[in-house]
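Trainee: Could you walk me through the pockets and the core of this one?
Mentor: Happy to, let's look at it together.

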Amino acid sequence: MSEKPGKPVAASAIDKHVYKVFPNDMNSHNTVFGGMIMAKCDRLALVVAERHSAHVCVTAAVDSIHFRAPAKGNDTLLFNLSLNRSWGSSMEIGARVEAENSYTGETRHILSAFFTFVALDKNDRPVEVPPVIPETKDQIRRYEKAEIRREGRLRTRDELSKANG
């Protein structure tokens, strides 16, 4: 168990970070370029990880990126990210992105993803991070599901390492 005091999810969460879509954000299908959304999620997840750990952090894994619906020109993207759980030096951050019609206020869930970050000390070695304190029903659910995803990530990593022998 961690020697560090725990921190609540809300202490590092990002709620409704706004990004206005412009023509340069579009792909050849005339919807928002998914890579741009993924990059913004990664940068914002870094902020969550560094707020929680109080250390420099690096992306260790990105998984379960699900594009649920396209975003279009004139949409406003709303990014919501929060820490789901921490283990030793690693942390899982969940991202949810919505597209909002700026004229009607209608929103659509367009992306969900999970990022794993590792906190580093001044010598670039993994360093222990505080435990997460989930406080709401949703935070507790995400906390519990994060362990299942972590077990899957570790199992996949071990199987791939055996296969590459």
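Mentor: First, a pocket here is an open set of points on a 1 Å grid over the protein atoms alone, where a 1.4 Å probe fits, with protein on both sides within 12 Å along at least five of seven lines, and lining residues have an atom within 4 Å of a point. Points are joined across faces, edges and corners, and a volume is the space filled by probe spheres set on them. This is a predicted model: local features need pLDDT of at least 70, side-chain atom pairs count only at pLDDT 80 or more, and totals for chains, interfaces and linings use all residues. Residues are numbered from 1 along each chain as its sequence is written, and side-chain values use heavy atoms, leaving out hydrogens and water.

Trainee: How much space lies in the second largest pocket?
Mentor: About 250 Å³. Its lining includes Trp87, Arg150, Arg153 and Arg157.

Trainee: Which element gives the most to that lining?
Mentor: Helix H2 (137-163), with five residues. Helices are DSSP runs of H or I, at least four residues, and strands are E runs of at least two, numbered from the N terminus.

Trainee: And what volume has the largest pocket?
Mentor: About 520 Å³. Of its 24 lining residues, the closest to the centre are Asn80, Ser82, Gly94, Arg96 and Arg142. The largest share of this lining, six residues, again comes from H2.
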